[in-house]
Amino acid sequence: MHVNAKAAPMAAVNHGPTPAPGHAASPPGPHQSSVDEIVHSFEEADHHEVSLAGYAPEDWICLAIFWTMAGLVFLQFFSRYVLNDSYAWTEELAVYCLIGVVFLGAAMCVRACRHIQVDFLYRYLPKPVSRVLSTLIDVLRTAFFGYAVWLTYRYIVLVGDEPMTTLFWNKSYVYWVALAGFVMMFLRSLQVSVQNWRQGYSILENPAAYESLD
C-alpha cells in the first residue's frame with residue numbers, strides 16, 4: 001500500500017490528469033494547429049527548388065550596391081566605436097549607395113509591377129473601359145519616366161562638376177547612377193506596356209494573374 005501511494009502522484013505528474021469516465025480526450029487546441037502549420041510550411045520550404053531565372057541585371061547590380069552600403073555602415077560603426085576614430089567618408093558614400101539602391105530598386109519594381117497602385121475602381125468598371133484606362137496609365141507612366149530621364153540629364157549638365165564633401169570626388173557619378181535608374185525604369189515601362197497590350201490586361205485589371213510572381 002505504501003508503494004502504490006507514491007506511484008499514484010508520479011503517474012499524475014507524468015501523464016497528466018486522467019479524463020473522467022465517459023468523456024473523450026479533448027482535441028488539440030488552436031495553438032497546436034498553428035504549430036503544425038508552421039512545421040508543414042518549413043517542410044514545404046525544404047523541398048522548394050531555388051531558381052534565379054526571374055532576376056534581371058538591375059537586380060544583381062542593386063544587390064552589389066546594397067552590400068557595399070552595408071559594408072560602409074559596418075566600417076563606420078567599427079571605426080567610431082572600436083577604433084575611436086570615425087572615417088567621415090563612410091557616411092557620405094553610404095548615403096550615395098542608398099541613392100543607387102533606391103533608383104535601381106525602383107526599376108526592379110517597374111519590371112515586376114510592384115509600385116503603389118490602386119485597382120479598386122477596376123473591379124466595378126466594364127472591361128472595355130478598364131482596358132482603355134489601363135493603357136492610358138501605361139502611356140503616362142512611360143512618358144513620365146522619359147521626362148525624368150531628360151530632367152536628370154539636364155541636372156547633370158548644370159551641376160555635374162560639384163565635388164563631394166569628404167572625398168572631393170566628382171558628384172556626377174551619383175547623378176549618373178540616378179540617370180541610369182530612370183533610363184532602366186523607362187525601358188522596363190515600355191516592356192511592361194507592350195506585354196500588357198499583347199496579353200490584353202494589366203495588373204490593375206487582373207491582380208490575381210500576378211500573385212504567382214511574389
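Helices (H or I, at least four residues) and strands (E, at least two) are DSSP runs, numbered from the N terminus. This is a predicted model, in which local features need pLDDT of at least 70, side-chain atom pairs count only at pLDDT 80 or more, and totals for chains, interfaces and linings use all residues. Residues are numbered from 1 along each chain as its sequence is written, and side-chain values use heavy atoms, with hydrogens and water left out.

**Annotated spans**

- An unreviewed UniProt entry lists residues 60-81, 93-113, 133-153 and 173-190 under "transmembrane region"; positions follow the numbering used here, feature names are shortened, and annotations may be inferred rather than shown by experiment.
- Residues 173-190 are 100% helix and 0% strand, with end C-alpha atoms 26 Å apart.
- The span 93-113 is 95% helix and 0% strand, and its end C-alpha atoms lie 30 Å apart.

**Helix α3**

- Helix α3 covers residues 57-81, which makes 25 residues.
- From first C-alpha to last, α3 reaches 37 Å, close to the 36 Å expected at 1.5 Å a residue; the expected span is 1.5 Å times one less than the number of residues.
- The buried residues of α3 are E58, D59, C62, M69, L72, Q76 and S79, where buried means under 20% relative accessible area, exposed over 50% and partly exposed in between (1.4 Å probe, protein chains only).
- These buried residues pack against α4 (88-112) and α6 (172-199), contact being heavy atoms within 4.5 Å.

**Residue S172**

- S172 is found in helix α6 and is buried, with a relative accessible area of 9%.
- Although S172 and D161 are eleven residues apart in sequence, their C-alpha atoms are 6.4 Å apart in space.

**Aromatic pairs**

- Rings of Phe, Tyr and Trp (its six-membered ring) pair if their centres lie within 6.5 Å; planes under 30 degrees apart count as stacked, over 60 as edge-to-face and the rest as tilted.
- The count by this rule comes to eleven aromatic pairs.
- F74 and F78 form a stacked pair, because their ring centres are 6.3 Å apart and their planes lie at 25°.
- F74 and F78 are four residues apart in helix α3, so about one helical turn separates them.
- F74 counts as exposed at 55% relative accessibility, whereas F78 is partly exposed at 33%.
- Y87 and W89 are also stacked, because their ring centres lie 6.0 Å apart with planes at 10°.
- Y87 is partly exposed at 29% relative accessibility, and W89 is partly exposed at 31%.
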